[in-house]
Structures are given as C-alpha cells and as structure tokens.
Amino acid sequence: MSDLAFENVGVRYGHGPAAHQAVRGVSLHVPSGRTVGLVGESGSGKSTLARAVVGLHEAHTGRILVDGTDVVGARGSAASVRRTVQMVFQDANSCLNPRMSIGASIEEALAVRGRSARRDRAHRRGEVAALLEMVELDPARAGDLPMQLSGGQRQRVAIARALAAEPRVLLADEITSALDVSVQGTVLNLLMRVQRDLDLTVLFISHNLAVVRQLCDDVAVMKDGQVVEVGSATEVIDHPEHPYTRELVRAVPRIGTPLFGKGTTL
Ligand SMILES: Nc1ncnc2c1ncn2[C@@H]1O[C@H](COP(=O)(O)OP(=O)(O)OP(=O)(O)O)[C@@H](O)[C@H]1O
C-alpha cells in the first residue's frame, strides 16, 4: 500500500505563449489502499495528470508525492519510489510486442524491475505462470502471441505486466473502454480483486460514471485541467454539487429513457 498525493500540480504542453496548460493547480489525495475515480469530459486533463506520475510528462508546478517522496523529475532513490507506481493504458497493444510471446513479455517486465533477472529459467517461468494465474489466464498459454488472444485477454496480460513490478500504486487509464461491453465487467472484476488481494492504491480514470460509482471509494471531477469537485463516489454521483458534475451525471443515458426521441431506449 502507498499513498499518492498531488499538490498544486500543473502540466503544460509546449513552451512560451503557445504552451497549452493541460493540468492546472490540481491537488488530490489518493489514500493508501483506496480507489479514487477520475472523471471528466474528453480533453479535461485526466490522462495528462496520471502520466505525470510515472514521468511520461513533467509537472512544471507542484509536487507529486508517493508515500511522501516527490517523484517529479525523480532521480536516484526517488526514481525507485516512482517505480512502485505502474500504469495500465486503454490499448493493451501499446505495451505488448506483437512478435513476443505473452510469457516473454511478462518475463521482460520482471527482469526490468530486477525481479528474476539473476534467477534460473525454471524460476522465471514459475513467476510468469503465477502472474498469468493472478489475472485468470491459463499459464499454458504463455507461449501465445498477443494476436492469438482476445482484447480482454490482452488487457489481462497488460495488467500482469504491471503487476510484475510489484507496484503499490496502480494508475488505470480507461482500461476497458476499448473492449467489448461483454468483457468489460470481467476485466473490472479482476481489477477489483487484484486491488483487494494486493492492497493496491488505485487511480481509476473512466468516462463511465456507473462503473466509477460501483468501483471507487472517492471520485474527483476534472474540467479544463482543474479538479472542480471531489468526494465519496456515491455522494458526488448521486448528489452532484458543481454544475459541471450535474451536467456529466445528466448526460449518462439511463435504461428505459428515450435516447434519440420517442421509442428508442437503451
Ligand atoms: N502530447 C500532447 N501534446 C499536446 N497536447 C496534448 C497532448 N496530449 C494531450 N494534449 C492536450 O491536453 C489536454 C488534456 O488531454 P488529456 O488526454 O490529458 O485529457 P483526458 O481528459 O485524458 O481526455 P480523454 O478522456 O479523451 O483521454 C487536451 O486539450 C489535449 O488535446
């Protein structure tokens, strides 16, 4: 378990007058072992904020604290603290080499983190098998290529790769939105189980307020690079205070309500 805190974080793209301020003065706390949802319309800065934690973008103001250590521009021991944070993306293909078996991909993630690098082959295979089992994939499939797996299975492999690093904080960026609706639930159930079993601290980015309400303890709402409302997920979604949150909640289609005029329902 680890505590993740954003203090007055700003991230911009580009420099000078043309710079685009994607994240502006965000302060947010993701307490140890809790799951916090991050919602907001497309372009509100959710991915940028998460990517700044793992160093894919540099925050130009503020601090990002993992267990009290600032990981912005981290070097040395702070860089090793940052490695306790792993991110899973919407598109599993972005982290999987199409020519590498899924077992080799997971083994690579183990080696990068120094786990297994000096162990013998049988030991490494055992670790890969355990990770595949953890994400509910048959270890006998370790030799499969990504293309031999379904989208949901590939996302499980991406989660296994992230877990190979023994993270304490997981950033989940729209991890089911590229998947068929029928498999989204199984991947989300897996995430919930893994979070509980490993006591992970999770920042869960999603457009799906119903999922956030079910999965998350708290939720933060982002608009134009800023957090405009934060609170318990049920409270914020059931009783939104900020006009923008109300708009987001209103935009969620409800079963039985007309979608495109009379007679068309979900
Ligand atoms: N690499 C980039 N270079 C320049 N601008 C970028 C870059 N990535 C994102 N942006 C801009 O920064 C803003 C925030 O984008 P970001 O992807 O963080 O939003 P988001 O809330 O995650 O959106 P989505 O829900 O669509 O993923 C947007 O205006 C976007 O166009």
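In this predicted model, G103, I106, E107 and L110 of helix α3 meet R124, E127, V128 and L131 of helix α4, where contact means C-beta atoms, placed from the backbone, within 7 Å. By class, this contact has 4 nonpolar, 1 polar and 3 charged residues; Ala, Val, Leu, Ile, Met, Phe, Trp, Tyr, Cys and Pro count as nonpolar, Asp, Glu, Lys and Arg as charged, and the others, Gly among them, as polar. Helices α3 (residues 102-112) and α4 (residues 121-134) pack at about 105°, their axes 9 Å apart, which makes α3 roughly perpendicular to α4 (65 to 115 degrees). Helices (H or I, at least four residues) and strands (E, at least two) are DSSP runs numbered from the N terminus.

Turning to the sheet, 6 strands form an open, mixed arrangement in the order β6-β7-β8-β3-β9-β10; pairing requires at least two DSSP bridges between two strands. Strands β6 (85-88) and β10 (226-232) stand at the edges with a single partner strand each, so one side of each lacks a neighbour in the sheet.

Residues are numbered from 1 along each chain as its sequence is written. Because the model is predicted, local features need pLDDT of at least 70 and side-chain atom pairs count only at pLDDT 80 or more, while totals for chains, interfaces and linings use all residues.

Methods. Axes are lines fitted to C-alpha atoms, for helices over the stretch in contact, and angles run from 0 to 180 degrees between N-to-C directions. Angles under 35 degrees count as roughly parallel, over 145 as roughly antiparallel, 65 to 115 as roughly perpendicular and the rest as oblique. Two residues are in contact if their C-beta atoms, placed from the backbone, lie within 7 Å.
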